[in-house]
Amino acid sequence: MDLLKKMILDKGHVIDENILKVDSFINHQVDSKLMEEIGLEFYNYFKKVNITKVFTIESSGIAPALMTSYNLNVPMIILKKQTSSILNDDIYQTQVKSFTKNTTYNLTLSKEYISKDDQILIIDDFLANGEAAKGAIELVENAGAKVVGIGIVIEKSFQPGRKFLDDLGYDVYSLARIKSLKENKIKFVD
Ligand code: 5GP
């Protein structure tokens, strides 16, 4: 997606060869026009499948997921990050390792917002090792529902997440694919 790539090049900051900061348009300040385009792009790609709900992980996935769910005319569900595990029959929960914080959190979904007939599109801001996506998939599968697509705003293709999801057979659509962040330079996959 050209606008996204341009904004990454103009406004992204390489923190080190593994982390890209996009606080000025995605993660802290949010560019709403960019989000509108992202929502349309995901809609155009995933409209071929029957999607009943869009799932995302709080908090940075919310803006792109909301725009996508708006275009698909389906609800968006925010998977919550809880610091401790909760013993409760009304929720599904799974542990996820955070890429940026080197901690774990308990990804949590209320059983109220999913049923076995649901066809879920997962949207997130970044794909690195695939831990967040794996956690979201687990919650959907615990409910007996199906993940029918995964939309990623920025994929760091040099990290293992993409291959992990491809190997599991998921339809992954990433709007910008980064080949390398080495030497303070952002290089995209051709
Ligand atoms: P994964 O679970 O795939 O290892 O990492 C994805 C999650 O970690 C995303 O939800 C995102 O919040 C965060 N993340 C991973 N890499 C980056 C990065 O380079 N920059 C930012 N801002 N967040 C990242």
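Student: How many bridges join β9 to strand β10?
Tutor: First, this is a predicted model, where local features need pLDDT of at least 70 and side-chain atom pairs count only at pLDDT 80 or more, while totals for chains, interfaces and linings use all residues. Residues are numbered from 1 along each chain as its sequence is written, and side-chain values use heavy atoms, with hydrogens and water left out. Strands are DSSP runs of E, at least two residues long, helices are H or I runs of at least four, and both are numbered from the N terminus; two strands pair if DSSP finds at least two bridges between them. Here β9 and β10 (residues 187–188) run antiparallel, and the number of bridges joining them is two.

Student: Okay, and which residue in β10 is the bridge partner of Ser 180?
Tutor: The hairpin of β9 and β10 has six residues between the strands, with Glu 183 at a positive phi near 55°. Across in β10, the partner of Ser 180 is Lys 187.

Student: In which sense do β8 and β9 pair, parallel or antiparallel?
Tutor: β8 covers residues 146–156 and β9 covers 172–180. Over six bridges, the sense of the pairing is parallel.

Student: What hand does the β-α-β unit of β8, α6 and β9 have?
Tutor: Point the strands away from you: if the path from the first strand over the helix to the second runs clockwise, the crossover is right-handed. With helix α6 (residues 161–167) between β8 and β9, this unit is right-handed.

Student: Is Lys 53 buried or exposed?
Tutor: Lys 53 is found in strand β3 (residues 53–57). Buried means under 20% relative accessible area, exposed means over 50%, and partly exposed is in between, with a 1.4 Å probe and protein chains only. At 16%, Lys 53 is buried.

Student: Which side chain does a polar contact of 2.9 Å join to Lys 53?
Tutor: Contact means heavy atoms within 4.5 Å, and the contacts of Lys 53 beyond four places in sequence include Val 74, Tyr 113 and Leu 121. A polar contact is a pair of N or O atoms within 3.5 Å; within protein, one must be able to donate a hydrogen and the other to accept it, and residues adjacent in sequence count only if both atoms are side-chain atoms. The partner at 2.9 Å is Asp 118.
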